[in-house]
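Welcome! Please take a look at the sequence and the 3D view below, and then we will walk through a few features together.

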Amino acid sequence: MPLAPLIGHSQLRRQLADAVAANRLPQVLLLTGPQGVGKQRLALWLAQRVLCAAPLASGEPCGSCGPCAKVLNLAHPDVHWFVPIPRPKPGEADKQMDEVAETLEGVMADRRANPLWTAPDGMSGHGIASARLLQRQASLTAAEGSWRVFIVGRADRLVTQESSPEAANALLKLLEEPPPRSLFVLTAAEPGLVLPTIRSRAVPVRASRLSDTEVRAFFAQLGSAVATGAAVASARGSIGALLGATDETRAKARGAAREFLSAVADGPATAMERALRQGPWAARGDFTALLDALADALAADARRAVAGERRVSSGDPAAVLAGVERVMTARERAQGNINPQLLLAVLADELATLGVA
């Protein structure tokens, strides 16, 4: 089954298509925008446009040539789509890379069968093995002699330098000096969620929310009855939000994030009490989901501060963004054998010191 249709982002698509036609498309893009508005699907559209054998006069890919058909069926040998996956088993680097490649192919097979995907679980990420596989694939010659496209979904979960300096530095050098005729598209909800060392090597591109009409049109093309008027309004321009409307885990995580920020604002005693209520080892996926929701909430709050809109925290934008980095550091540490209660207590103290809550 081919990919679900791309809806919306007409102006951004024209700008990207014009850049391709003029041969001035940056090789490393950081595509940001609200969760669920189709950033990864837009990245696949861009891969299709770059590889299309006969683009239309409008700049859109033709959709019918061989390269277009392969991209739409997630079968093009020169399009590599990295998504967060569980950490591979400990072992030799080559075996871990092979396991990552096999896992990713399984994900792509699932998406060929069901092209509507939802957010990854809290424990999935882009680990060292994924970074090494990306570097290995980038060193190879294009199978069909054209461009190679590397899409990294949820780039906020990319490996940090603390995990493996050698692999992380090699990844940074790859993004700083990408091979000729290679395109890297990283996606994330907010720029501030991505490591500064990676963010500084990419050209930012922002995808906006969809209109309610576009959300309804998406589900209408699929013959789905999900998009009722009330549901579309509550989705606020996010197809992903509508698909995940029944996802209790994410809703629970957002509530836990709000509760945690409120506890930090109430003072050290309340914050410590909240940290001690966190399960010490069980439900680790719930804990990382909490940290993801917390990072999302703070990043969105920083944007609201700049726009002069109503906010959930009291810190200035710079402090809030610094808080996001503290949260992402805690998330990386949460993948190891560190007690979540201790991590949350330290994080609460750091956010309070920054004046975030």
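Predicted model: local features only at pLDDT ≥ 70, side-chain atom pairs only at ≥ 80, totals over all residues.

- Helices (H or I, at least four residues) and strands (E, at least two) are DSSP runs, numbered from the N terminus.
- Strand β4 covers residues 182-188, and seven of its seven residues are buried, so the strand is largely enclosed by the rest of the structure.
- Here buried means under 20% relative accessible area, exposed means over 50%, and partly exposed is in between (1.4 Å probe, protein chains only).
- In a regular strand, side chains alternate between the two faces of the sheet.
- Both faces of β4 are covered: one side has Ser182, Phe184, Leu186 and Ala188, the other has Leu183, Val185 and Thr187, and all are buried.
- Strand β1 (residues 28-32) pairs with β4 in the parallel sense over five bridges; two strands pair if DSSP finds at least two bridges between them.
- Within that pairing, Thr32 has Ala188 of β4 as its bridge partner.
- Strand β3 (residues 148-152) also pairs with β4 in the parallel sense, over five bridges.

**Aromatic rings**

- Searching the whole structure gives two aromatic pairs.
- Rings of Phe, Tyr and Trp (its six-membered ring) pair if their centres lie within 6.5 Å; planes under 30 degrees apart count as stacked, over 60 as edge-to-face and the rest as tilted.
- Phe150 and Phe184 form a stacked pair, at 4.9 Å centre to centre with 15° between the planes.
- Because Phe150 lies in strand β3 and Phe184 in strand β4, this pair ties together parts that are 34 residues apart in sequence.
- Phe218 and Phe219 form an edge-to-face pair, at 5.2 Å centre to centre with 85° between the planes.
- Phe218 and Phe219 are both buried.

**Two crossing helices**

- The axes of helix α4 (residues 93-113) and helix α5 (residues 128-138) come within 9 Å and cross at roughly 85°.
- Axes are lines fitted to C-alpha atoms, for helices over the stretch in contact, and angles run from 0 to 180 degrees between N-to-C directions.

Conventions: Residues numbered from 1 in each chain as written. Heavy atoms only, no water.
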